[in-house]
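Have the model open alongside as you read.

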Amino acid sequence: MAIRHPAIASKAAKAAKAARVAKARRHAAEGKNTVETPLSKAYTDPRDVLLKPVVSEKSYALLDENKYTFVVDPRANKTQIKEAVQAVFDVKVTGVNTINRQGKRKRTRTGFGQRAATKRAIVTLAEGDRIDIFGGPTA
């Protein structure tokens with residue numbers, strides 16, 4: 001469902017949204033968990049989300065800005081990526097940007113094929129936090 005700009009939304013849609021927000025606040029105050037993650041989307045181990053770090057010139061240039069790049073599971077969302085990085089490396093994550101990369105078309109002797117598509121995440125850490133697996137600048 002497309003999300004409309006608040007100025008365009010109808011009065012009924014605004015009232016429905018206000019009711020949803022009020023219900024979510026009430027449930028949060030009572031300690032009820034209204035959203036249950038289905039098992040198909042749940043990751044038992046945070047290392048299932050992070051597949052490997054990206055080793056490239058561009059990713060090493062981002063280390064100066066305290067940004068780290070990982071190849072992640074294509075089904076993982078930004079919240080799951082953030083929680084996985086915080087759990088595995090014991091750091092504070094301030095932001096996550098994701099990129100879906102199409103696989104390159106490659107020519108072989110027998111015809112054409114395609115590399116697998118990947119999803120990458122650029123994770124921004126809080127000031128003072130570092131991940132040492134990249135062997136980045138020591139500060």
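## Ground rules

Buried here means under 20% relative accessible area, exposed means over 50%, and partly exposed is in between, with a 1.4 Å probe and protein chains only. Helices (H or I, at least four residues) and strands (E, at least two) are DSSP runs, numbered from the N terminus. By those terms, strand 6 is mostly covered, with 6 of its 8 residues buried.

This is a predicted model, in which local features need pLDDT of at least 70 and side-chain atom pairs count only at pLDDT 80 or more, while totals for chains, interfaces and linings use all residues. Residues are numbered from 1 along each chain as its sequence is written, and side-chain values use heavy atoms, with hydrogens and water left out.

## The chain as a whole

The chain has 3 helices and 6 strands, running in the order α-β-α-β-α-β-β-β-β. Of its 139 residues, 24% are buried.

Contact means heavy atoms within 4.5 Å. Take the contacts in the chain with a separation of 6 or more: 58% of them join residues 24 or more positions apart.

## How the strands pair

Two strands count as paired if DSSP finds at least two bridges between them. Strand 6 pairs with strand 2 in the antiparallel sense over 6 bridges, and F70 has A121 of strand 6 as its bridge partner.

Strand 4 (residues 105–108) and strand 5 (residues 111–114) are antiparallel over 4 bridges, and K106 has G113 of strand 5 as its bridge partner.

## The nonpolar core

A nonpolar core is a set of buried Ala, Val, Leu, Ile, Met, Phe, Trp, Tyr and Cys residues joined through side-chain atoms within 4.5 Å. The largest one holds 17 residues, of which F70, I81, V85, V123, L125 and I131 touch the most other members. Strand 2 (67–72), helix 3 (78–89), strand 3 (93–101) and strand 6 are the elements that give two or more residues to this core. As a general matter, nonpolar side chains tend to be buried together in soluble globular proteins.

Setting aside neighbours within four places in sequence, V85 is in contact with L50, F70, D90, V91, V93, V123, L125 and I131.

## V49, a buried loop residue

V49 lies in the loop between helix 1 (11–30) and strand 1. Is V49 buried or exposed? V49 counts as buried because its relative accessible area is 2%. Beyond neighbours within four places in sequence, V49 is in contact with Y43, V71, V72, D73, A76, Q80, I81 and A84.

## Two positive phi values

N66, in the loop between helix 2 (57–62) and strand 2, has a phi near 65 degrees. N66 counts as buried because its relative accessibility is 14%.

D90 sits in the loop between helix 3 and strand 3, and its phi is about 55 degrees, positive although D90 is not a glycine. With a relative accessibility of 70%, D90 counts as exposed.

On a 1 Å grid over the protein atoms alone, a pocket is an open set of points where a 1.4 Å probe fits, with protein on both sides within 12 Å along at least five of seven lines; lining residues have an atom within 4 Å of a point. Grid points are joined across faces, edges and corners, and a volume is the space filled by probe spheres set on the points. The second largest pocket comes to about 270 Å³. It has 14 lining residues, and R101, R115, A116, T118 and R120 are the closest to its centre. Strand 1 (50–53) and strand 6 (118–125) each supply at least two residues of the lining.

R120 lies in strand 6 and is partly exposed, with a relative accessible area of 21%. Its C-alpha is 5.6 Å from that of T98, 22 residues away in sequence. Contacts of R120 outside four places in sequence include V54, F70, N97, I99 and R101.
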